[in-house]
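Trainee: I would like to go through this model with you. Could we begin with the overall picture and then turn to details?

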Amino acid sequence: MPQQVLTQMADDRRSRANDLGLLDAGMWLGRPRGFPLAREVPAAELPGLMARYFTRGGLVSHWRGAAESAQAGNACLGPCTAGWGEDLHAVWTALPMTPGQSGPLPGVDELPPHVGAARVFPRTHSFAPVDWCVGSLLRYLVEHRLPLLVWHTEIDLRDLHHLARAFPDLPVIVESQTRKIIYHTRTLFSLMEDCPN
């Protein structure tokens, strides 16, 4: 194929992808956990990667929020959000607060403006994903119209069903990370039919 035809095909593909306005809900900064072939992505590389994969924006998380602590991950994301445009939003790692802590989520007294969602790691961070433990956190998310993200490997689907029923105005996004979710589709389909959120 002549180079001119290949160039035209690439330009056409780029134009069509830009028209779609793709958003990536799974952008991660820092050293990956559980994905041995993935490489670390520094914040400075994010715009180049977005251009390469034709995405105009999305939700950005930091691996330290899962691997170390919510506070460490959120502290890493905080400085990054200052230079982001309107199409990039941070995913804050959330925990139920202890009596001595202030603020809506770990590590902040006031949520930064570019936070667009919150993710919990109940198994990794050792807390019960039930309303008597995370109720105040989930009420905060509902009040601020922030969706909750959770890996299917981090929560028992019975607990997820209970939370979704207890907080019907909370959008819940179940993610498939480090282990395939396909083995749970029958339960997930039933859960989604029973819980529209």
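Predicted model: local features only at pLDDT ≥ 70, side-chain atom pairs only at ≥ 80, totals over all residues.

Trainee: What box do the C-alpha atoms fill along the principal axes?

Mentor: Along those axes the C-alpha atoms occupy a box of roughly 65 × 40 × 35 Å. The accessible surface of the chain comes to about 11,600 Å², and carbon and sulfur atoms contribute 54% of that area.

Trainee: How many helices and strands are there?

Mentor: The protein chain has seven helices and six strands. Their order along the sequence is α-β-α-β-α-α-β-β-α-β-α-β-α.

Trainee: And what share of the contacts links residues 24 or more positions apart?

Mentor: Among contacts with a separation of 6 or more, such pairs account for 71%.

Trainee: Let us turn to helix packing. At what angle do helix 6 and helix 7 cross?

Mentor: The axes of helix 6, residues 157-166, and helix 7, residues 185-194, cross at roughly 10° and come within 10 Å. Angles under 35 degrees count as roughly parallel, and the two helices are therefore roughly parallel to each other.

Trainee: Which residues meet there?

Mentor: Helix 6 contributes Leu157, Leu160, His161 and Arg165, which meet Thr187, Leu188, Leu191 and Asp194 of helix 7. By class, this contact has four nonpolar, two polar and two charged residues.

Trainee: What follows helix 7? I noticed Cys195.

Mentor: Cys195 is found in the segment after helix 7. Leaving aside residues up to four places away in sequence, Cys195 touches His161, Ala164 and Arg165. His161 and Arg165 also take part in the contact of helix 6 with helix 7.

Trainee: Is Cys195 buried or exposed?

Mentor: Cys195 is buried, as its relative accessible area is 5%. Its C-alpha atom lies 10.0 Å from that of Pro171, a residue 24 positions away in sequence.

Trainee: How many disulfides does the structure hold?

Mentor: The structure holds zero disulfides. For Cys195, the closest cysteine sulfur is in Cys133, at 20 Å, which is too far for a bond. The sulfur atoms of a disulfide would have to be within 2.5 Å.

Trainee: A change of topic: what about Ile155, and where is it found?

Mentor: Ile155 is found in the loop between strand 5 and helix 6. This residue counts as buried because its relative accessibility is 5%.

Trainee: Which residues does Ile155 touch?

Mentor: Beyond residues up to four places away in sequence, Ile155 touches Arg123, Pro129, Val150, Leu160 and Leu163.

Trainee: Now the backbone. What is the phi of Ser126?

Mentor: Phi of Ser126 is near 55°, a positive value in a residue other than glycine. Most residues other than glycine have a negative phi. Ser126 sits in the loop between strand 4, residues 115-120, and helix 5, residues 131-143.

Trainee: And what is the phi of Arg145?

Mentor: Arg145 also has a positive phi, near 55°. Arg145 lies in the loop between helix 5 and strand 5, the latter spanning 148-151.

Trainee: What are the relative accessible areas of Ser126 and Arg145?

Mentor: Ser126 is exposed, with a relative accessible area of 66%. Arg145 is exposed as well, at 75%.

Terms used
Residues numbered from 1 in each chain as written. Heavy atoms only, no water. Buried < 20%, exposed > 50% of the residue type's maximum accessible area, 1.4 Å probe, protein only. Axes fitted to C-alpha atoms, helices over the stretch in contact; angles between N-to-C directions. Helix = DSSP H or I, 4+ residues; strand = E, 2+ residues; numbered from the N terminus. Parallel < 35°, antiparallel > 145°, perpendicular 65-115°, else oblique. Contact = heavy atoms within 4.5 Å. Nonpolar A, V, L, I, M, F, W, Y, C, P; charged D, E, K, R; others polar. Areas by Shrake-Rupley, 256 points an atom, 1.4 Å probe, with all protein chains shown as cover.
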